[in-house]
Amino acid sequence: MLPLLLFAAIANAQQSPPVTLKQLLIQVDQKAPTLLTDSAAIAIRRAQAAETHNNWLPNLRLNYQADIGTSNNTTGPYFGFGIIPSSSGGIHNTNVTTTMSDNFGIAALDWEIYNFGRYAAENRVANSDVVVEQKQYAESKYDLEAYTIANYLQLLRLQDFLGIQNRNIQRTQEIYRSIKSLAVSGVRAGVDTSIADAELSKARLNYIELTNQLKQIQLQLSSVSGFPYQSIIPDSTVENTLIGQPVAYTFPSDTANHPLVNFYKSVYQNNLQRESLVKNLYNPKIFFEAAGWGRASSVDAAGQYNSLSSGYGFQRGNYLVGIGISYNLFDLRRRQLKLRTQKASTNYAFKKLQEQEQLLSVSASQADVELQTSLDRLREIPKQLKAASDGYRQKLSLYRNGLTDIIELDAALNILYRAETDYMQAKYNYTSAVFQKAITENQVNSVLNYIK
């Protein structure tokens, strides 16, 4: 049954051409749901910036009302509380409850024409908000790129591991067949067959588990790329291409333009712009005011109540134009307190920027160390692999000739399996270190250009 599954898997892999890492990253850039969401967030910030840029627009209000009621007032000043039904002075010495009519129409313009830099500061903050959102999008893209690369390398590792496990199954089957023929002829005891059968079953179970792990990672990559998971077959030439050019990865670090650094720089600049806004937020305001209005009343200048119909249609018209200035002296204290809070936020953003720069520097040094260590492992492991392979072949030959037992043969098989696994892990560690260095130093495209 297992050979049929292996054949089907190999046939499917041959039908689906390998997906290169560059192809996968391009697809992720276009299809990843998180990037599409972040792109929509940029559009929101741009709309908010456009809204802020139009804060300078004046207010032009048109009002009209026609009323019927009484006008029974007495002269005196008051503070207005919300809507006041009437603000006319008293014209009669007695209480008059005769119904009257009037109407009133007004066009009023008020325009904050100058506020000593607040409009400009608001616009700078709005533009800075857009930049922060754009840099956050670039950071999300960077994080997703690192996530995709890590999973792609895991696919390569599991693909190699499946190859090792397949060879292990074939070797165990070969041992099983040898034991079975020797047991039939009476040279070997039947217990050797049972041991070999158990080892073969264990190898098959390992293969099934590794296949499940590979599919899980394919599904994760499918969720961010939109590719059908079955079609995400990694290019097996990547590891050998990278291992074959160890001197090619001495590219200069570009952490100054790293997406993480750029994001925190934008946050810091945004906080500086907000400081500037706070300084201008409580400045004096110069207003331009203008109004034109007309009204009529059924009560004439002599205090006579005429027909209600005479209260409609404008009888008088006026206009008023003026410039005013407004300033709240207590805003000095409010500005001081708000500026103190904003400066603390700015300082925090600056510390975060320094922290990220330091972390990237340390990560770059760690990647260099890991890269060199992985390269040293790759140079040494082939010796282990050759010795383990030779040892296994010798033990198998001795076993067939009755000169050793199944325990020693099984130990030799396990040593070979471990050597192949160590070599696979060393290749994975090296390619992972190469990309970790590239990601940390913002040079992923430089590596991608080598592997095509």
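Is K395 buried, partly exposed or exposed? With a relative accessible area of 27%, K395 is partly exposed (buried means under 20%, exposed over 50%, partly exposed in between, with a 1.4 Å probe and protein chains only). This is a predicted model, so local features need pLDDT of at least 70 and side-chain atom pairs count only at pLDDT 80 or more, while totals for chains, interfaces and linings use all residues. Residues are numbered from 1 along each chain as its sequence is written, and side-chain values use heavy atoms, with hydrogens and water left out.

**Helix α8**

- Helix α8 covers residues 331-400, 70 residues in all (helices are DSSP runs of H or I with at least four residues, strands are runs of E with at least two, and both are numbered from the N terminus).
- From first C-alpha to last, α8 reaches 97 Å, close to the 104 Å expected at 1.5 Å a residue (the expected span is 1.5 Å times one less than the number of residues).
- There's a kink of about 30 degrees at E380, shortly before the proline P382 (the bend is the angle between axes fitted to the seven residues ending there and the seven starting there).
- Just after α8, G402 takes a positive phi of about 75 degrees.

**The sheet**

- Four strands make an open, antiparallel sheet in the order β1-β2-β3-β4 (two strands pair if DSSP finds at least two bridges between them).
- β1 (59-69) and β4 (316-326) sit at the edges, each pairing on one side only.
- β1 pairs with β2 (residues 100-114) over eleven bridges, and Q65 has F104 as its bridge partner in β2.
- Twelve bridges hold the β2 and β3 pairing, where D102 stands opposite S297 in β3.
- β3 (residues 285-297) joins β4 through eleven bridges, with R295 partnered by R316.

**Salt bridges**

- The structure holds 23 salt bridges (a side-chain nitrogen of Lys or Arg within 4 Å of a carboxyl oxygen of Asp or Glu).
- R400 and E174 meet at 2.9 Å, N to O; R400 lies in α8 and E174 in helix α4 (residues 118-184), so the pair ties together parts 226 residues apart in sequence.
- R400 is partly exposed at 38% relative accessibility, and E174 is partly exposed at 29%.
- D390 and R393 come to 2.4 Å between their closest N and O atoms, and both lie in α8, three residues apart, about one turn of the helix.
- K395 also has a salt bridge, with E408 (2.9 Å, N to O); this pair links α8 to helix α9 (residues 406-440), 13 residues apart.
- Salt bridges that share partners join E112, R118 and E122 into one network.
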